[in-house]
Amino acid sequence: MTSLLVLGATGIIGTHIVSAAVEAGVRVTAVSRGNRPARFPDGVRRVAVDGRDPTSMEGVLAGSQFDAVIDLLSFGPEHVSMTLNWVRRFSDRYVFISSATVSESAPPGAVIDENSPLVNSGWSYPLKKVAAEQLLGDVIADGDLDVVIVRPYIIYSEQRLAFGPWESDEVMARIRSGRPIALPQEVAVARTSVTHAADAARAVVALSLAPGASGATVQVASPETVTWREIFDIAADAVGAPVDLHTMPESQFIAALPHLSGKVGDRVKDRAFSTAGLEQVLPDFRFDIGVGEGYREIIDQATPRRHPLTRIDGVHDRLLSETGVRAPAPRGLQLREHARYAIGRSRALSELHATLRRAHLGNYN
């Protein structure tokens, strides 16, 4: 029976990859650190372990063999190197989940494909993915491991909806309560591709097992494009509430929220993707879920996480007030929520929080 090892199996796309693999008749071992609950189909072996720890992985996987290892955990080359230290003992194929943010935007009227120029400055996230891909290029050239590089763009699921530089709970809580939302003008009008995790998962599983994917780099991004403004409107329509969106220049937004500069720099670009590379390996693959249908479905499924949002409320309201929009504090906050809100509302405290966050995440932004 065909088998897959999925690293990062409880993440935004990981749970869908596990489900898609089981539906395809594949035996799955799902690896996560055990910090996040997940409902997997019957028959899935779940292993709670740090997937980047070679000693731990070799211990829990002793005697196992897999047709492919799907790596949703690794960002930069240092992470890939640590994973490769043990992967070769358990599989001949390694599937690295990179990101289509590694590609520069295409000229007007053109689409991004696997041969588009790669970014060489700016946001650290795609730069780390580029470096990881370069490392894997050497592995492919050596020929001692079958490598597949998959480049999804923005994937959404019940764990996260994207709204330009913001994410689901940060926006949906404000739409539902009628509170104003800040967005860079350039982001509002940019066209983008967002892909439902179920569609992306089917593609990843099929690529992981396809003989024709050997040594390939393949984009996985829906060919449908919409503006970010349209995505806000879709979300507001889904909950039956108007969206009070206030736009300002990109530079003004970033000055208030410098930790979001990387995301903003990506989201201001028009992003339309070619599916030719995917179709070459998987001729019968089609993206089934449109953005309107997908966002409405996810909004119905998503469970709001209330308490962390009070800081984001404060950040939002500070930015809006700096641009002349009246944004009074929300009512009914508990003492801890007031403290979080105050951190967001204060420029100095927000900058300190952003500095600590970058240090913790390895300058992800």
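1. Basis. Residues are numbered from 1 along each chain as its sequence is written, and side-chain values use heavy atoms, with hydrogens and water left out. In this predicted model, local features need pLDDT of at least 70 and side-chain atom pairs count only at pLDDT 80 or more, while totals for chains, interfaces and linings use all residues.

2. Overall. The protein chain holds 15 helices and 15 strands (DSSP runs, H or I of at least four residues for helices and E of at least two for strands, numbered from the N terminus). Its C-alpha trace spans about 60 × 45 × 35 Å along the principal axes.

3. Helix pair. The axes of helix 3 (residues 77-87) and helix 4 (residues 124-142) come within 8 Å and cross at roughly 40° (axes are lines fitted to C-alpha atoms over the stretch in contact, with angles from 0 to 180 degrees between N-to-C directions).

4. Helix contact. Pro77, Val80, Ser81 and Leu84 of helix 3 meet residues of helix 4, including Lys128, Leu135 and Val139 (contact means heavy atoms within 4.5 Å).

5. Pocket. His16, Glu23, Ala198 and Arg202 are among the residues that line the second largest pocket (on a 1 Å grid over the protein atoms alone, an open set of points where a 1.4 Å probe fits, with protein on both sides within 12 Å along at least five of seven lines; lining residues have an atom within 4 Å of a point). Helix 1 (14-23) and helix 7 (197-209) each give two or more residues to this lining.
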